[in-house]
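Thanks for making the time, everyone. I would like to walk you through one structure, beginning with a single residue and then stepping back to look at how the parts are put together.

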Amino acid sequence: MQPPPNYTFASDNTSGACPEVLEAVLRANSGRLPSYGEDFLTAEASDAFREVFETDCDVYFVFTGTAANSLALASLCQSYHSVITHEFAHVETDECGAPEFFSNGTKLLLTAGPLGKLDPEAVERTVTKRRDLHYPKPRAMSLSCPTELGTVYRPAEVAALGAVAQRHGLRIHMDGARFANAVASLGVAPAELTWRAGVDVLSFGGTKLGSPVGEAVVFFNRPLGEEFAYRCKQAGQLASKMRFLAAPWTVLLRQGLWLEIAGRANALARSLAEALAALPDVSVLYPVEANAVFVQLPEHVHESLRRRGWKYYLFIGGGARFMCSWSTTREDVDLLMGDVREAVLSGGQ
Ligand SMILES: *Cc1c(COP(=O)(O)O)cnc(C)c1O
């Protein structure tokens, strides 16, 4: 008999919302408040961002990461511009052309780079390759932190990209669908990884972190976000009951809950990676710096895991991807490891 499917490690968005956040949503459910973001709960959440980032940034709340990324990129570019990004970037591989759609045709220019990171020299080459009218003028770069391979940029690496950006008049967007995992992993001030290193606008992920729904778009370069509310409205991303998109952030950011739950997910991912790396015929593919573990497993191990109901993705990064989230437990890791160990040691017999 087939066991029921187990989505524990399939993604960090297979979890529900974390209890503290859900309680905040319930508290936000009382009373009649102004709509479309004019309420005090939205103001409170925006202030929490300004505290965490130690700067007077502008904050907008949208429903999905795809919307956050595409609308942010659209606000950095004209339609004849281009955005330099990594060939594995979510904006390129997993957003169904939304960045191009919302920017009316801004082209993504792809570069390669080790460990899913943009390489400053590759960016520089892409910018300087052509200067003529016939080439879509490079105007921005978009980097994911953590990357799609679960690695994390150091502030100095972002600053090196920031220097290239400054030389060539590029704006910088950071896709932080798992930004909390990056900050928890590095233990740096959020400002160091973003605006102090040259980032103009950040998509800050709430859903994978532990919200029921919702992402924030944070403009450090405020003039770039001047008419952003219109973009949100036009794209169907302006929530009338904004309080429900905003309220999760206050509880996540104010008491350090965001770093606590992201740090726990990171630690479980590291320990899963260590246990996997200790097995024969198993190799961990990338440094585990956030909450993702990519691993190469023999085919018979995949078959055995599938028979036991484990669900996980194979299409990213050239291996199996196991994600940890706020709800992952030590027992979950032990259960998966027990099944992997048994399958590996059986040698397919
Ligand atoms: C999940 C994710 C997003 C956002 O995806 P949505 O499904 O649109 O919310 C964006 N970037 C990265 C790197 C992601 O992993």
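This is a predicted model: local features need pLDDT of at least 70, side-chain atom pairs count only at pLDDT 80 or more; totals for chains, interfaces and linings use all residues.

Let me start at L224, which sits in the loop that runs between β7 (215-219) and α10 (228-234), where helices (H or I, at least four residues) and strands (E, at least two) are DSSP runs numbered from the N terminus. Residues are numbered from 1 along each chain as its sequence is written, and side-chain values use heavy atoms, with hydrogens and water left out.

Is L224 buried or exposed? Its relative accessibility is 14%, and therefore L224 counts as buried, the term meaning under 20% relative accessible area, with exposed over 50% and partly exposed in between (1.4 Å probe, protein chains only). If we set aside neighbours within four places in sequence, L224 is in contact with S75, L76, R171, D200 and F219, contact being heavy atoms within 4.5 Å.

Stepping back, the domain assignment of the protein chain gives domain 1 (19-255) and domain 2 (258-346), with bounds that come from an automatic or database assignment. Their C-alpha centres are 28 Å apart, and 24 residues of domain 1 are in contact with 21 residues of domain 2. Across this interface the rule finds one salt bridge, that is, a side-chain nitrogen of Lys or Arg within 4 Å of a carboxyl oxygen of Asp or Glu.

What, then, lies between the two domains? The largest nonpolar core has 56 residues, and F49, F61, F204 and W258 are those with the most contacts inside it; such a core is a set of buried Ala, Val, Leu, Ile, Met, Phe, Trp, Tyr and Cys residues joined through side-chain atoms within 4.5 Å. Helix α11 (residues 243-254) gives the most to this core, with six residues. Because domain 1 and domain 2 both give residues to this core, it lies between them. Apart from this core lies another, of 26 residues, among them L297, C324, V333 and L336.
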